[in-house]
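Keep the viewer handy and look up each residue as we come to it.

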Amino acid sequence: HQHNGMRRQDKTSSEREAIASISISDKCFRRCAILMMISFLSVASINFIMLPSYMGIAPGENPQNAKSRWAHRKISSAKANVLPADKQQVFRIGRIFASKNDNSMRSSQKTSDELKEQEIQTPPPPPADDLKRKKLLYGTKHVPEMANWPPLSALIGNDGNIRDDVDVSGILDFAIIGFGKTGTTSILRHLSEMTDSLSKEHCDLVVNKSGNLLKDLYEDHARRFKQAKRNGEEPEDRLRGLKCPQDISSDYSIFNYAKYFPSTKLIIGIRHPVLWFESLYNFRVTNVPWKEMLPTSDLTRGCISGSQGVCAWRANFHDFLSRLGKTPMSSASEKQLLQLGLDKHAKVGPVFLYEVSQLSESGSDGGVRSAQFRTDLKQFLGLQKEIPPFPLVDTSGRFDFLPVVKNQVDRNKIDICQPQHDIIRDVLMEKATLASQWIRKYFLQSDEVFVSSREHFELILESWMHDPCPRR
């Protein structure tokens with residue numbers, strides 16, 4: 001019995017020793033692992049800190065020369081944002097991209113001694129608002145260097161917008177700037193097949209973001225450029241355009257067009273204000289069914305809260321057209337026809353004005369009129385291909401597949417000819433009369449305003465003098 005007890009005691013003590021040795025080994029392993037990790041991180045940190053120096057020193061090169069050369073690289077990258085004035089950069093058709101300031105051209109012609117002194121100097125810290133520029137250019141490194149296109153970074157200022165001393169007018173050929181519910185989507189779809197138009201709406205100028213618009217144009221062009229290269233084709237040089245129906249009524253947009261794109265051709269659609277209001281109201285009801293629209297009697301003036309952008313103020317088509325700098329705006333008789341008192345005007349490019357009914361193929365001579373309209377629009381833009389007929393637009397709502405929602409939408413739509421809408425219709429008829437007179441008497445007299453089938457166009461405007469409801 002004593003012998004067995006001693007054997008168990010010896011066994012227990014040996015187990016304890018084994019466990020202790022395992023514990024010691026585990027502790028050593030952990031300590032070694034920690035020491036190795038610290039050593040690895042230290043070496044990596046040193047390599048990271050010294051990386052520029054290693055990259056700058058060539059075999060057998062003086063370290064002091066390498067340091068100077070590395071400083072030169074940093075300065076060169078900072079100066080890359082300014083395009084050399086002696087190097088002509090063209091967008092196309094001989095449009096030269098260059099600085100508008102002659103002093104900058106003279107300053108670029110420096111002696112080698114001056115350049116050597118500048119290389120040694122440390123570049124100044126970027127301005128505080130340089131962040132906007134960096135944020136806008138972030139992620140644009142994938143945009144390749146494209147023939148005759150200067151780097152995007154050379155065109156953007158520290159505020160994130162297009163620099164004042166550069167000329168980018170050749171990058172945007174046309175813009176569909178208004179008005180909403182006048183067939184602007186149909187025109188964009190058609191022109192997109194034969195031009196390099198931006199898809200959907202791009203309203204960066206409405207919020208005064210000219211840099212964002214330029215970035216969108218660059219990225220769109222880069223996408224088409226790379227696609228052509230992948231297909232083994234030569235990139236085709238086509239007209240570039242965009243659509244934003246809000247541009248025509250935006251202060252920022254009009255002045256941005258005048259400042260950066262003064263030669264861009266503008267396409268503007270109009271519609272009888274009464275029919276335009278009904279269309280826009282029902283469009284909101286159809287596509288935003290979860291929001292209840294205000295009664296039409298509450299929308300006779302400006303766009304108040306809850307109006308969803310539907311109000312009589314936006315039907316002053318002639319007031320917004322008057323800001324494009326196409327009429328004298330000097331006579332009292334002209335100003336009496338304007339209601340909003342918009343005193344800010346800007347000189348923009350040529351305008352192609354149309355009435356939405358000109359897109360239709362219906363009527364006894366609708367096909368002929370529509371064909372002439374497409375021909376005139378083609379000539380205005382300078383297109384080579386014929387513009388195909390405009391198809392019927394699908395006016396169904398996004399939620400029409402839901403019977404409950406569709407029934408609600410149908411109940412909330414308005415027929416503006418009904419008596420409960422007499423108040424808003426009277427207001428809109430006043431605007432229609434004034435717009436008809438001003439456009440015919442003043443706007444159409446400008447050499448920079450173009451219409452299709454002028455006599456027919458003026459007849460359409462004369463019909464604005466009458467309420468469209470009795471003819472329904």
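This is a predicted model: local features need pLDDT of at least 70, side-chain atom pairs count only at pLDDT 80 or more; totals for chains, interfaces and linings use all residues.

Residues are numbered from 1 along each chain as its sequence is written, and side-chain values use heavy atoms, with hydrogens and water left out.

**The chain as a whole**

- Of the 472 residues in the chain, 39% are buried, where buried means under 20% relative accessible area, exposed over 50% and partly exposed in between (1.4 Å probe, protein chains only).
- About 27,200 Å² of the chain is accessible surface, and 55% of that belongs to carbon and sulfur atoms; the areas come from the Shrake-Rupley method with a 1.4 Å probe, and for residues only the protein chains shown count as cover.
- Taking contacts between residues at least 6 apart in sequence, 73% join residues at least 24 apart; contact means heavy atoms within 4.5 Å.

**The cavity**

- Rolling a probe the size of a water molecule over the atoms shows where empty space is left.
- A cavity here is a set of points, on a 1 Å grid over the protein atoms alone, where a 1.4 Å probe fits but cannot get out, and lining residues have an atom within 4 Å of a point.
- Grid points are joined across faces, edges and corners, and a volume is the space filled by probe spheres set on the points.
- The count is one cavity of 30 Å³ or more, and the largest cavity has a volume of about 60 Å³.
- Its lining is formed by Phe179, Gly180, Pro245, Ile248, Ser249, Trp276, Arg314 and Phe320.
- Five of these lining residues are nonpolar, two polar and one charged; Ala, Val, Leu, Ile, Met, Phe, Trp, Tyr, Cys and Pro count as nonpolar, Asp, Glu, Lys and Arg as charged, and the others, Gly among them, as polar.

**The loop with Phe179 and Thr182**

- Phe179 sits in the loop between β3 and α6, and a cis peptide bond with omega of about -15 degrees joins Gly178 to Phe179.
- Thr182 belongs to the loop between β3 (174-178) and α6 (184-192), and Thr182 is buried at 0% relative accessible area.
- A polar atom of the Thr182 side chain lies 2.5 Å from the backbone oxygen of Phe179.
- Beyond residues up to four places away in sequence, Thr182 touches Gly269, Ile270, Arg271, Tyr354, Val356 and Leu359.

**Two helix residues**

- Asn287 is part of helix α9 and is buried, with a relative accessible area of 13%.
- The Asn287 side chain reaches the backbone oxygen of Phe283 at 3.0 Å, and Asn287 is also in contact with Gly397, Arg398 and Phe399, leaving aside neighbours within four places in sequence.
- Ala258 lies in helix α8 (residues 251-260) and counts as partly exposed at 24% relative accessibility.
- Not counting residues up to four places away in sequence, Ala258 touches Ala346, Lys347 and Val348.

**Positive phi angles**

- Gln308, in the loop between α9 (273-287) and α10 (317-321), is not a glycine and yet has a positive phi of about 55 degrees.
- Ser453 is placed in the loop between β8 (449-450) and α15 (454-463), and its phi is positive, near 50 degrees.

How values were computed: On a 1 Å grid over the protein atoms alone, a cavity is a set of points where a 1.4 Å probe fits but cannot get out, and a pocket is an open set with protein on both sides within 12 Å along at least five of seven lines; lining residues have an atom within 4 Å of a point. Helices (H or I, at least four residues) and strands (E, at least two) are DSSP runs, numbered from the N terminus. A polar contact is a pair of N or O atoms within 3.5 Å; within protein, one must be able to donate a hydrogen and the other to accept it, and residues adjacent in sequence count only if both atoms are side-chain atoms.
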